Amino acid sequence: MAHRWGMAVDLDRCTGCEACVAACHAENNIATVGELQASRGRALHWIRVERYFEGEFPDVKVKYRPVMCQQCDAAPCEPVCPTYASSHNEDGLNAQIYNRCIGTRYCANACPYNVRFFDFFNPAWEKPLHLQLNPDVSVREVGVMEKCTFCTQRITAAKIQAKAEKREVKDGEIKPACVQSCPAKALVFGDLNDPESEVSRLFESPRGSKLLEDLGTIPKVQYLG
Amino acid sequence: MAINEQRLTADLLKPLQRTSAVWFLWVALLLGVVGAGAVGFGYQLWQGFGITGIKWPIYWGFFITNFVFWIGISHAGTLISAILRMVQAEWRRPVTRCAEVITAFALMIGGLFPIIHLGKPWLFFWLVPYPSSRMIWPNFRSPLVWDFFAISTYLTGSLLFLFLPMIPDFAIVRDHSSGIRKKIYGLLALGWRGTTMQWHRLETAMQIMAVAIIPVAVSVHTIVSFDFSMAPVPMWHSTIFGPYFVAGAIFSGIAGLILAMATLRKFLHLEEYLKPIHFENLAKLLLTMSLLWGYFTFNERLTVWYGNGAAEVNSFLATQKGSFAPLYWTMVICNFVVPMILLGIRQLRTMSTMVIASLTVCVGMWLERFLIVVPSLGHKYLPYSWSYYRPRPNEIFITVATFAAMMLLYTLFAKFVPIISIWEMKAGEHQPSEAGAERVHAVAEGRLEETHA
């Protein structure tokens, strides 16, 4: 059976600690660009925690919302790419094929969530940090777009393992870096085609909504809260 | 008859035959500026795209603004000259070539920007549908691929449209020169001898091109507008963009044409050929387009404001009242107020005010393109990602360089090709009699033996 990966984000559990952001950077070889370039808007955060404030100071309530690629079924980023670098894969994910990308950045403009990032420079890691790069993830060069993949390398590894053991991938077996590192367990990942999976159950929750749902992008990330 | 033929030929060939020291200085200056732009681009390739002001989430800035602006300017030529030819407006004769050249050069410059703005410019040919070894085709659903087809079609068409009426003039230059020049112009003249049959074929070809180029020109800027209106971005996703862009393109194109003609008139001493009446007529066209532009802008703005869509209204307010407001109101003054006053009031409509109005329109239309591209990207749906954009030096260098490149190409063109069509001027002086026209048809249909003209 084909998979359809999805994620549920419980906003009531999120503490805004940004462990997911750090874990994502480490897992996916995302370059850190330094203070100056970050101030110029060149930081690459495949997942970010948006902060919104309710009320007037000092009576303020902070709301956190982790935002990553929503892996839309009707993704606006895909039809606009002239080279098919941005395209749907068989698991329903919005794949970004770095080798095909020529850097028109049209996908990022079309994306309503602003979750696509452009490599403005070749990435560099100060020694010995270059030794901690994840060998399962390609390092992107200057001039291409990159984005959240739901840790596709972990999905693939789990599928290979399951195939070798002649079984289906179990629910909860795959944990993207952000899910794995979330201390509050606000993030849940799984197969939406499996009606028994936890993420499918959470998608049925009456607390659920999708981000910018009325744009018709059909996201595969559900926000609860 | 105001000017006899010998003088006409001599006057219009003079820029080709005599070159002053000032000309060389001017060309050197322009080459320097273009060179600075090229260095800017080279530096960008070397260092990475990060030396521009582009950032998350405003991924398009000056380069795409320039792209839309120059493709807009290109509508001066072919479209205007094609329409004037088709309605047989007699006053077009000295104007058409100036206009057609603008089209060709503006397209070449505009067409460079989608390449300059790429993250990997050396892979631009992936937009070309060629059977690669892995049989990967471009994505025909992408407006950028439509752009590629639209612009290459338009460039091919407008080069043909420019070249066809130059053939008899190349022959004139050939007949007035010697040595290597005679050889080169002879080659360009494609063996033109001026037989009745050749004239007939030329007229037919030009008529076909004039009819064909108009829908191509309209479609080109519509497709450029699709780059924006196809994306679900607040204030981009709009049905008005097609006609709005085409109207704006013709508007800025006419302004560019008036500026080019005024410059030529002054520096090549063409006062007897480019007369106030030509400027007057073009200025009236410019005024009409200014009204049309104002109408479109009003429509676009009013519907967004009245509709009060949650995302649209933020982009709207940013341009209307927010940080982009100074640019927005400058645009309105440049594109609407100034032309209304300077061109709308007859007493004020002089040569210099027409040039001033054309200048402000060029500035205003550049701003218009900028205000379409940038504020919307900085005000998309999630307020967390709102941002601003400032160009950095290499973008400014490259932008300035394109204006210098336009002037350079134009200067060189006017040096090597008569910028006013000599034969069309002569044809205007001698309107063919009915008997003559009948004779041309007779030859074309094979009823009459052709003779040398």
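The following legends describe close-up views of a predicted model. Local features in this predicted model need pLDDT of at least 70, and side-chain atom pairs count only at pLDDT 80 or more, while totals for chains, interfaces and linings use all residues. Residues are numbered from 1 along each chain as its sequence is written, and chains are lettered from A and ligands numbered from 1 in the order in which they are written.

**View 1. The helical fold of chain B.** Chain B contains 17 helices and zero strands (DSSP runs numbered from the N terminus, helices being H or I of at least four residues and strands E of at least two). Its radius of gyration, taken over C-alpha atoms, is 24 Å, close to the 22 Å that the globule rule gives for 453 residues, so chain B is as compact as a globular protein of that length (the rule is 2.2 Å times the number of residues to the power 0.38). The C-alpha trace of chain B spans about 75 × 65 × 50 Å along its principal axes.

**View 2. The side of chain A that touches chain B.** The contact takes 33 residues from chain A and 33 residues from chain B (two residues are in contact if their C-beta atoms, placed from the backbone, lie within 7 Å). On the side of chain A, the elements that give two or more residues are α3 (77–80), α4 (106–110) and β6 (116–118). Of these, α4(A) gives the most, with four residues.

**View 3. The largest nonpolar core.** This core has 182 residues (a nonpolar core is a set of buried Ala, Val, Leu, Ile, Met, Phe, Trp, Tyr and Cys residues joined through C-beta atoms within 7 Å; a residue is buried if 20 or more other C-beta atoms lie within 10 Å of its own). Among the residues with the most contacts inside the core are L187(A), I254(B) and L286(B). Helix α10 (residues 241–267) of chain B gives the most to this core, with 15 residues. Leaving aside neighbours within four places in sequence, L286(B) is in contact with residues including I254(B), I258(B), P339(B) and V361(B).

**View 4. An open sheet in chain A.** Four strands of chain A form an open sheet in the order β8-β1-β10-β9, with mixed pairing (two strands pair if DSSP finds at least two bridges between them). Strands β8 (187–191) and β9 (208–209) of chain A stand at the edges, each with a single partner strand, so one side of each is left without a neighbour in the sheet. Two bridges join β9(A) to β10 (residues 221–224) of chain A, and these strands run antiparallel. G208(A) stands opposite L224(A) in β10(A).

Methods:
A residue is buried if 20 or more other C-beta atoms lie within 10 Å of its own, exposed if 12 or fewer, and partly exposed in between; C-beta atoms are placed from the backbone.
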